[in-house]
Amino acid sequence: MAASNPKHHKSEARLPKDTQKPPLKNKRERRATPDRYPHQITSSHGSNCTNFHKGWKLLFLACRLVSKDLLYRNWVGVSTLAAPTPTDGSTPSDALTSAVINPHNAFQLFTGSLDGRIMIWDFVNATLLQTISIGQPIHYMCVHEQFKGSIFVAASRPRKKPIVNDNNAVVLQITLKHSDHTTSECLAFHPFEEYFATGDDKGVVRLWYCLNDDLATKVRGVEKRTQTKSLHWHAHAVSSISFTPNGAYLLSGGEESVLVIWQLHTGKKEFVPRLGAPINTVSISTSSNSEEEYLVGLADETYTFVSSASLKITRSYSRIKIDPALSQEWQSTSKLNSAPIAIQPLTSTLVLPSSHPSSLQMYSPSSSTLICELEVSPSNRVSRRDEKPVIPSRVETAVISSSGTWMATVDSREGDAGFRSEVYLKIWSWDTHQGNWILNTRIDRPHGIDKVTDVSFTPCVDESKYLHLVTTGNDGHIKVWRLWRHRAAPGSTASESENGTWVSFATLTYRSEIPTSISWSPDASLFAVSVGPHIAVYDAAVGSLCQTLTSPNNHKIHSVHFIGTNGRHLLASGLNTLVMWDLIDSCVAWQCDTPHPIDRVVPHQKDASFAVFHSPTVTGEEINTRVSIFRASSNIPTSIRSVPFGLRNVVWASFNKRSGYNLVGVTHSWRVVMISDSQQPSNEEGLTAKGINVGHESQRRTLFQDIFGVSAFAASNSDFSQAPSLLQKHHKTYTLFDTPAYLAPSLDSLFDPLVKSLLTNRPTEPSALEDRPEDDIEEDAVMEEEQVASNSILSSHPSRSPHPGEMEAFTKLFKARCMTGTPTPPPLPN
């Protein structure tokens, strides 16, 4: 029963000066020892009760006439504890029936009255601490030291008329603690026994034996309570439970990503840990070989089968995993506004963020399947509720070399009072035999505790000569890392000697500016770095500064990109500015101010053009991102597009070989989208419409049609055969409509040529007489003339549809005249 805790009620303390003892000095002197627990000598006659404190020689008296507790020391009145008026407006009863000392706190007194109130007092300070109302008259009350925080009371419901030998009394256990409200999250019934199980938000699985009335207590005077059994292991909410078909086990799962198998008979449990994401659903299935399996549905849209015999994962089905904690909000922190994404050219797969921020997933767009998952930074997937949550490590960047044999990742963990910040640069090598990534080199704090701003590989396909990796950080350093292939050492493996390791080659700085972006020339001889309002161009072979470019208006440059395949043009993008540099002439080719802020720039891989993604605009619930397409030769966009979502990151989709722009990105809602300027039908099963054969099938003739003929009915069976299409089957691409509207000719001059080009002439139908032999024509001449004459007569009487009820009349007439039994023979002639 819940307890109410009102404000402390202060009663008047009247202590005679001549009999007052010196107060106790401190709490240490007042602390009760085990031999000072109260000795109760209560005598309950009517409504009077007494209680004796053995250690302090205190006697508590409850007086019915004045409704007060009189506290006496050495049998002299010390103070009076007066009960307050009930808050519900009811009339207070003048009978205090019981008083008892708290066995766990020697300074607290419990009192009970006939108005159903339990009052907890601090008798030293004469203060009312708490009031509990049970709504039933209290006749007796007791406590026990083994039941901490509970009071046992004997209560009864009041009756209108007195009854002799009334036994309408119950024993109640009242808790003094404020019980937290629990909410049941899931429920499952036992397959054949009469009880069910629930899982709540506190992690408790409870079995309820309340479906069978025979299990309830039937002793008179004892409260009937539902028998329950608690199974507690989960530290977080239980999201799903399920009984096995034989009823011997109970499965439960929740936020811990652990499947718990409870053995109901013994109470023992087994675990299937580290499933990868919080569990949403648990069910039991039977495989083709009649083996029982547990099907677990995870929060990242993955379905995993677990063998009931070995408790091992047998198979999993998943598409793109998403982080359930980040799928709703994207404006929480600036770090969440970006997402790692890369393309593996060897397998044409996507490298995407997984359901946990410390992992990456490999997804195949061609087959729409999840290939594998890479745990970049091993970390705890969940922490307890009563502890401070552990900040997980987060993968910020993922870059793959042009050959697809190397991948660089940057993962970091924010520090707090317990530990310092962590930043790791990890370089992975591709294992062609196993088809996954293997960690080759780990560099701790490549730029100290500062953030790594950009990472870029050498864009050369032939990596046998040399391969570089350039990183920039907020510490102001530009670091060049080189792949060092050394001879095989006695203790090294063959893979280490073949792949080599990555070592530091050069550390560069430009004044006191912070580098933000890196771009390589197509021939990998130069790399440009944006540093403040400048662009520093370096020689990749020796790491020396070759050229410095400064923004015309001294605007800060956010990113830099080589445009085209010849490496002549270099683009610098700021907040609202685009500056195109000609490296051969060492001058600005053109400059453009954009009306919208620039978010990122994606160059075309085979053309001297680039796409500018502006910051998304939010109008009500709609989010739109403006995309402008520029060419290196002009500051006027060739086309302006818009996409109905915001993007965290977008890269060039090298696996798509179609012409035009082919991009892949991650939206603000953590969805992967393919962006292209040309339409492509999806080959994924379930997303394409398939034709349905709706050709006309000949119907069987009914009995009425055999009797009355088909012409007597309405022409309901119309000819569904489709006429030959007049449209041309070949489709031409009209480049005229790709031009702007103001440059196109008028619609009046385009309509007739366009329609004529789409239509074809109707084919001429051959005459029926041309295919017939001459002999047949001569022999059937008379017959054809007769048919023509009959057709001309029938054409004057067009067919009509029968009126409602007309067919019913014909049917009744047929039955009355034609179905009357044996026909009567005609009379014989005389």
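**Exercise 1.** State how many bridges join strand 42 to strand 43 and how the two strands run.

*Solution.* Begin with the pair itself: strand 42 and strand 43 (residues 569-573) run antiparallel and are joined by five bridges. Strands here are DSSP runs of E with at least two residues, numbered from the N terminus, and two of them pair if DSSP finds at least two bridges between them. The model is predicted, with pLDDT of at least 70 needed for local features and 80 or more for side-chain atom pairs, while totals for chains, interfaces and linings use all residues. Residues are numbered from 1 along each chain as its sequence is written, and side-chain values use heavy atoms, without hydrogens and water.

**Exercise 2.** Give the strand order of the open sheet and identify its edge strands.

*Solution.* The order is 42-43-44-45, four strands with antiparallel pairing. Strand 42 (559-563) and strand 45 (587-593) are the edge strands, as each pairs on one side only. From one strand to the next, the twist averages 20 degrees (axes are lines fitted to C-alpha atoms, and angles run from 0 to 180 degrees between N-to-C directions).

**Exercise 3.** Decide whether Arg 117 is buried or exposed.

*Solution.* First locate Arg 117, which lies in strand 8 (residues 117-122). Its relative accessibility is 8%, so Arg 117 counts as buried; buried means under 20% relative accessible area, exposed over 50%, and partly exposed in between, with a 1.4 Å probe and protein chains only. For the whole chain, 38% of the 830 residues count as buried.
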